[in-house]
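Please read the following report alongside the sequence and the model.

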Amino acid sequence: MSGWRVGAALLMAVPAVPLAAQTEPADAAVARLVAAMLGDTPLLRDLRTLTVEIGGRATGSAANRRAVAWALDRFEDAGVAARAEPFQMESLWLERSASAVVEGEGIGFAPRIAAMPFSAATPPDGAAASLLDGGAGSAEDFARLGVGARGAFVLVETPLLLDVPGLFREYGDAFAVERRAVEAGAGGVVYMGSRPPGILHRHNSSLRGDEARPMMVMERTAARRALTLLRAGRTLTLRAVLDLDIGGSYRSHNVVGEIRGSSRPEEVVVVGAHLDSWDLGGGALDNGANVALVIDVARQIRRLGLRPARTIRFALWNGEEQGLQGSYGYTREHAAELDDHVMAMSFDIGCGRITGFFTGGRPEIAEAVQRVLAPVAGLGPFTSIDVPVVGTDNFDFMMHGIANLVGNQESARYGPNYHAASDQIAQCDPGSLRVNAAIVAAVTYGFATGDVTWSRQSREEIDRLLRTTDLEQQMRTFNVWEGWAAGVRGRQP
Ligand SMILES: [Zn+2]
């Protein structure tokens, strides 16, 4: 699937561009666009198809390939040229099934579990070992377990995840816990589910490539029961069966729609959201909502016949959950054009109201953001935070020195449903999603038409950003530091 596809038949259905639009002032164009975005569009219908009909769509799965075909069709229906752009995934990892049994004298129950991404598989009849109380997985907890941890399953208690800051804490904690577990020679790590009772989630494992031990999440109530027994002095064993589809490198696709710029077509503004999700839930908040939003922005710009000065690329990234692979692939494939990329925006925090942007530690961008938000000030207030952010598809653009934004959104229901079975369309507030779509449309059009006063950063400038912010620590937590340090990922010296 490659090569541009344009829905010729549907192009004819799009209203002809009014002559006045050719010379329409930018603020009038933005006003028409915002009004259209706030009106009756297929935004929610698209979200329903993607998250309920196609459902969870882990990269490498059949559902993910259906999502790619669906996204191409949506652009085609909108009369927007689009193509599936191939990139190479490092490795295949999918869960077929996961089950477990906890046993002790007079005790036997089968907790629901989910494999952590990139966990090792178990033998077909499972892996059995002592189940130990790992406390919070701190250094003291592992010191207490001592050599007893060797070969055992260590059960780690987690706080209930309530919000987005809690999510970043969870990532950071897992990074440290796994390092200690490896050092202690543990046979595997079992995380207490950090979501409400009954809800499984596929929390990101941080030690990607360490495929020596099974890693899993145990539903919260069952994990609490096991910990209560262990703390009462009972001896327990866990037998876990992780049936995983693990394989080598393979090809996946981003879907990229494009509206060519009228006067500066070589300059590119990217607005993106990731098409893939984890598979326990429907991937509505993470990140179907913003996929539907990006498609709707493209559709309305096309339908209204607006003519941005710069080229806009509407990027639906793949492989995001598995190491930001699709946007990384884009920066490699389009390396020769990166000097002309003036902005790369990512939206990835569900349906909560957009409150502003993370502006990447670049004051000149922060200033421009205020300007492009002005036409939608009534949908605010907006406050931007001028720090670099790792964890979504702005990352490789940032490491290439390209101005990048991540939409900041109210947590709403994002945290508790993150990567969870409960990430379903019902969690998405359609009203705030629609308002967000209008905001993103205005900002996208603003960057595609207004003055740009910045240029691509040099490796030295990116290094300075690393030295003056917590960017390096974030990169280590998300396991993307090594590629930069080795000079294979990001801007070359
Ligand atoms: Zn996401």
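Strand 5 (residues 127-133) and strand 9 (residues 236-247) run antiparallel and are joined by five bridges, where strands are DSSP runs of E with at least two residues, helices are runs of H or I with at least four, and both are numbered from the N terminus. Within this pairing, Ala127 has Ala240 of strand 9 as its bridge partner. The model is a predicted one, in which local features need pLDDT of at least 70 and side-chain atom pairs count only at pLDDT 80 or more, while totals for chains, interfaces and linings use all residues. Residues are numbered from 1 along each chain as its sequence is written, and side-chain values use heavy atoms, with hydrogens and water left out.

Eight strands form an open sheet of mixed pairing in the order 3-2-9-5-6-7-8-4, two strands being paired if DSSP finds at least two bridges between them. Strand 3 (107-109) and strand 4 (113-115) stand at the edges with a single partner strand each, so one side of each has no neighbour in the sheet. From one strand to the next, the twist averages 30 degrees. Helix 6 (residues 164-184) lies across strand 6 (153-156), strand 7 and strand 8, at about 150 degrees to strand 7; such angles run from 0 to 180 degrees between N-to-C directions, with axes fitted to C-alpha atoms and, for helices, over the stretch in contact. Helix 7 (residues 220-231) runs at about 70 degrees to strand 5 and lies across several strands, including strand 3 and strand 9.

## Ser194 in its loop

Ser194 is found in the loop between strand 7 (188-192) and strand 8 (215-218). With a relative accessibility of 1%, Ser194 counts as buried, a term that means under 20% relative accessible area, with exposed being over 50% and partly exposed in between (1.4 Å probe, protein chains only).

The side chains of Ser194 and Arg195 make a polar contact at 2.9 Å, that is, a pair of N or O atoms within 3.5 Å, of which, within protein, one must be able to donate a hydrogen and the other to accept it, and residues adjacent in sequence count only if both atoms are side-chain atoms. Apart from neighbours within four places in sequence, the residues in contact with Ser194 (heavy atoms within 4.5 Å) include Thr158, Glu170, His201 and Arg220.

His274 lies in strand 11 (residues 264-274) and Asp348 in the loop between strand 13 (341-346) and strand 14 (354-358), so the pair ties together parts 74 residues apart in sequence. Both His274 and Asp348 are buried.
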